[in-house]
Amino acid sequence: MSTSPVRTGIVGCGMVAVEYAQTLAAANGIELGVCADLDGARAQSFADRHRITAVPVDHALDPATLDLALILTPPSTHAALARQAIAAGLRAVWIEKPFTTDPEDATALLQLAQRTNMLIGVAPDTMLGTAIQTASEALKQNLVGDVLSATASLFSTGPEGWHPSPEPFYSEHVGPLGDMGPYYLTALDYLLGPLHVRSAICRTRSDRRVGSGPHAGRLFTAQAPTYVTALLDTDTGTPITLITSFDAAGSRAPHLEIHGTDGTLVLPDPNAHDGQVLYLPYGQRTWTPLSPVPSSGPSSRGLGVLDLADALRKAHEPQCSAPRAERIVHLIGAIIRATAPSTTRSRIPAAP
Ligand SMILES: NC(=O)c1ccc[n+]([C@@H]2O[C@H](COP(=O)([O-])OP(=O)(O)OC[C@H]3O[C@@H](n4cnc5c(N)ncnc54)[C@H](O)[C@@H]3O)[C@@H](O)[C@H]2O)c1
């Protein structure tokens, strides 16, 4: 087992990279040394802020200077950059969600990584956080009995409300299902999976407006469905309803619920690592917060990178594994295929 720090670099110095850099800076055994971005000025300002070195993208995937690269770029670029990292001979790569936008790319990358002994870890890493670990423990303890059904719902205004460059989140095969679906599907796959898609419907509110940053007010067109409802089930036939929408002002629907013969669990937002898991025993009226299972690391994005670095040191599979991420991308693909005949493009004007 190697004890030297894992030499790490970041590709893509946008919004999400900041939280990763903070998590890695506070961690032991990781040496964040370089960053790269297609936008050189952005890479330089990120490097200055985090006291690291800005390099060209090729250098941030070079095994001579790095062990692990984080790919934190828009979804449609993940597959090509991961292929480039494998071709360069890098030992490990962490990829933001969704793993890829095309399911065939996910399968090809998985096979390529297995042939070359490269480790791939894929976001989300929230399943390693206290909330999903607490729910997992409750299911192992049989607290809800036999699972009868589950629901997952994400309703939001969409990233144009807070992201200065929201267009990639509406590109083909992304939308709320590709962007936020991985959090919900990964949690459900981890807790109840594997899952299968039975049917789906969708709708596209295609007129969108950038809500912040230098391009605020600019109109753009969504290429992906902006509302998707899917019906899935497990190997044992447990029905699961998933709703993902970027067409809602807000919602009070629980993010995730699991109903069993002996009770119900309500989970917090799977886009966060912590939060309370509530339990209602069958026939009772008082919800009880479950004691949280302690986390194996910080409650922030990057927890999975620390696990991947550990996997690299100890030569085992990362917990946020590529096979699971490939399954999720195939589920998303199957949901999109199931919705195809029902797709409607709405002429409703963009939100104000
Ligand atoms: N923004 C968030 O809060 C958030 C949260 C969780 C996950 N994510 C995921 O993180 C990824 C990045 O999202 P973001 O919000 O940080 O995006 P962003 O637009 O803020 O930043 C992406 C950066 O990648 C750079 N880039 C694009 N193509 C590149 C390439 N081929 N090579 C090098 N650099 C390239 C861009 O110039 C940009 O600086 C996405 O997969 C997204 O789903 C984002």
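**Entry 1**

I began with Ile10, which stands opposite Cys35 in β2. The model I am reading is a predicted one. I then looked up a second pair on these strands: the bridge partner of Thr8 in β2 is Leu32. Altogether, six bridges join β1, residues 6–11, to β2, residues 30–36. The two strands run parallel.

I checked the cover on β1 next. Five of its six residues are buried, and I noted the strand as mostly covered.

Moving out to the whole sheet, I found six strands in the order β3-β2-β1-β4-β5-β6. The pairing is parallel and the sheet is open. Its edge strands are β3, at 53–54, and β6, at 119–122, each of which pairs on one side only.

**Entry 1. Two domains**

I looked up the division of the chain. Domain 1 takes in 6–125 + 299–320, and domain 2 takes in 127–296 + 331–346. I noted a separation of 25 Å between their centres, taken over C-alpha atoms.

**Entry 2. The ligand**

Which residues come nearest to the ligand? I have Gly12, Gly14, Met15, Val16 and Glu96, out of 23 residues around it. Helix α1, residues 15–25, gives the largest share of this shell, three residues. By class, the shell holds eleven nonpolar, six polar and six charged residues.

I also asked where the ligand lies relative to the domains. Both domain 1 and domain 2 give residues to the shell, so the ligand lies between them.

**Entry 3. Helix α7**

I took helix α7, residues 181–192, as a separate item. The helix has twelve residues and reaches 16 Å from its first C-alpha to its last. That is close to the 16 Å expected at 1.5 Å a residue.

Is α7 enclosed by the rest of the structure or open? Ten of its twelve residues are buried, so I put the helix down as largely enclosed by the rest of the structure. The buried residues are Gly181, Pro182, Tyr183, Tyr184, Leu185, Thr186, Ala187, Leu188, Asp189 and Leu191.

I looked up Ala27 in the loop between α1 and β2. Ala27 has 20 C-beta neighbours inside 10 Å, and the cut-off for buried is 20 or more, so Ala27 counts as buried. I also took a distance from Ala27 to Pro298: their C-alpha atoms are separated by 8.9 Å, although the two residues are 271 residues apart along the chain.

His78 is in helix α3, residues 78–88. With 25 other C-beta atoms within 10 Å, His78 is buried. Leaving aside neighbours within four places in sequence, I listed its contacts as Ile71, Thr73, Ile95, Phe99 and Thr100. For one of these, Ile95, I looked up the C-alpha separation from His78 and found 6.9 Å, at 17 residues apart along the chain.

**Entry 4. Backbone details**

I searched for cis peptide bonds. One joins Lys97 and Pro98, with omega about -10°. I placed Pro98 in the loop between β5 (92–95) and α4 (103–116). Another cis peptide bond joins Ala123 and Pro124, with omega about 5°. Pro124 is in the loop between β6 and α5 (130–140).

I then looked for positive phi outside glycine. Asn142 has a phi of about 65° and is not a glycine. This residue lies in the loop between α5 and β7 (147–155). Is Asn142 buried or exposed? I count Asn142 as exposed, because 11 other C-beta atoms lie within 10 Å.

Ala315 also has a positive phi, about 55°, and is not a glycine. I found Ala315 in the loop between α8 and α9 (322–339). With 10 C-beta neighbours inside 10 Å, Ala315 counts as exposed.

How values were computed
Residues are numbered from 1 along each chain as its sequence is written. This is a predicted model: local features need pLDDT of at least 70, side-chain atom pairs count only at pLDDT 80 or more; totals for chains, interfaces and linings use all residues. Two strands pair if DSSP finds at least two bridges between them. Helices (H or I, at least four residues) and strands (E, at least two) are DSSP runs, numbered from the N terminus. Domain bounds come from an automatic or database domain assignment. A residue is near a molecule or strand if its C-beta atom, placed from the backbone, lies within 6 Å of it. Ala, Val, Leu, Ile, Met, Phe, Trp, Tyr, Cys and Pro count as nonpolar, Asp, Glu, Lys and Arg as charged, and the others, Gly among them, as polar. The expected span of a helix is 1.5 Å times one less than its number of residues. Two residues are in contact if their C-beta atoms, placed from the backbone, lie within 7 Å.
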